[in-house]
Amino acid sequence: MAEQALPWAEPAWLGSLDSPYYNESHRRLQAYARKYFDENVIPNMIEWEAKGDVPAEARASYLKSGLGLLEVPPEYRPAAAQTVAGIPISELDIFHKIILTDEGSRVEGGVSTALSGGANVIGLPPVLNHGTEAQKKRWIPGLFTGEVNFCLGITEPSGGSDVSNIKTTAKKSADGTHYVVNGTKKWITGSPWATHMTTAVRTGGSGFAGISLLVVPLTLPGVSVQKIANSGQNAGGSSWVRMENVKVPVDHLIGVENAGFKYIMSNFNSERLVMAVGCNRKARTCLNTALAYAFERETFGVPLVAHQVIRHKIIHLAREIEAHWARIEQIAYHIKKNGFQSGDIAGPIAMAKITGGRILEAAAREAQQVMGGVAYQRDGPGGGGRVEQITRDLRMMVVGGGSEEILGDLAFKEELKTAKKKAKARAKANL
């Protein structure tokens, strides 16, 4: 059955229902991104994922497409990069970001990271939000030529979600001109291609109050990058980054010394929303692939979809995926009105990330149940290879950006704090 004839293949705003959140420019960006990925990436993604990289010309094509680096404001962009799909960069909003994330999440494995030449989507925002003008002028122009790319160095061998206890140190030299960095980062996405790592370091005492953000050029003496052999995301370049007596100029400090923890926490809001959207799309891919297969595959003389138990599996997934997408849109609208730095957004985003991970786990399982061995086979027919790839990438999608155990506790505390704050405001208004 043709993909467009299937329900739930696309978010409701695109496939079935009217929405107040999207306008003509959103549809234009979606169509442009869909065409680009369908023609240039998706036909090759399984092969590139297996190789762990993309051809240089594919990386150059992606940079030229304008689909990356949309978070960079117009004032820091070259004249030739002031629009994407004919839309002025100044007119882009959070829903454009969600659309592009959704479309990019149709690319399986770590191929999107290899295409971008790093992990700018998470490594660059601290520079944009907290960096000096001199830092932005030094690094941002190179993004548009491919000479500069960022990754984010937070996680360490001793832990990831407990950011306040990082062990990598950055001590000022006697003459005060540079920091000497020592430590190891682990599972650093995009680091084999990145030129700079936005790095969490300890510049002060113990706990969150002693953490700073430092941009470490990965070409400096004492830096080594070693790829980790993980189950999935082979083209994501997840690696060890080891730093031994690395001398980093003091003007590479982002923001205020020992204030890095709050920068990292605010950066997580964007990262976790991106991952929630990605989980939703990949769950939708599992649903859509399994449903198409169920119409084609026959058992006991009838198509799989004729069996009620199969239909129940499908509708359960559809219900969860569509509800999750609606929640993402509600969060996005709040961000559009109040920004990512809004004090009441961390809890809802954390819950959306948890829910997205659980839905993806269920969708991957049920897709394999419906499709059987073809979804267990690498490059299996009928879309089975795509589902198989998603199952190998699954743990990164669920754990990346913070495990659900950590995020659940964060959400509880943040939502309780927000509720108390709003109750206090209401009480004050009634005086």
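**Exercise 1.** Find which helix gives the largest share of the lining of the second largest pocket.

*Solution.* Start with α14, which supplies 7 residues, the largest share of that lining. Helices here are DSSP runs of H or I, at least four residues long, numbered from the N terminus. A pocket is an open set of points on a 1 Å grid over the protein atoms alone, with protein on both sides within 12 Å along at least five of seven lines, and lining residues have an atom within 4 Å of a point. Finally, count the whole lining: 22 residues, with Phe261, Met265, Arg272, Leu410 and Glu414 nearest the pocket's centre.

A word on the model: it's a predicted one, where local features need pLDDT of at least 70, side-chain atom pairs count only at pLDDT 80 or more, and totals for chains, interfaces and linings use all residues. Residues are numbered from 1 along each chain as its sequence is written, and side-chain values use heavy atoms, leaving out hydrogens and water.

**Exercise 2.** Work out whether histidine 26 is buried or exposed, and what it touches.

*Solution.* Then check its relative accessible area: at 1%, histidine 26 is buried, because buried means under 20% and exposed over 50%, with a 1.4 Å probe and protein chains only. Now list its contacts (heavy atoms within 4.5 Å): Trp13, Tyr21, Asp93, Phe95, His96 and Ile99, not counting residues up to four places away in sequence. Last, spot the side chain of histidine 26 reaching the backbone nitrogen of asparagine 23 at 2.8 Å.

How values were computed
1 Å grid on protein atoms, 1.4 Å probe; cavity = no way out; pocket = protein on both sides within 12 Å on 5 of 7 lines; lining within 4 Å. Helix = DSSP H or I, 4+ residues; strand = E, 2+ residues; numbered from the N terminus. Polar contact = N/O pair within 3.5 Å; in protein donor to acceptor, adjacent residues only side chain to side chain.
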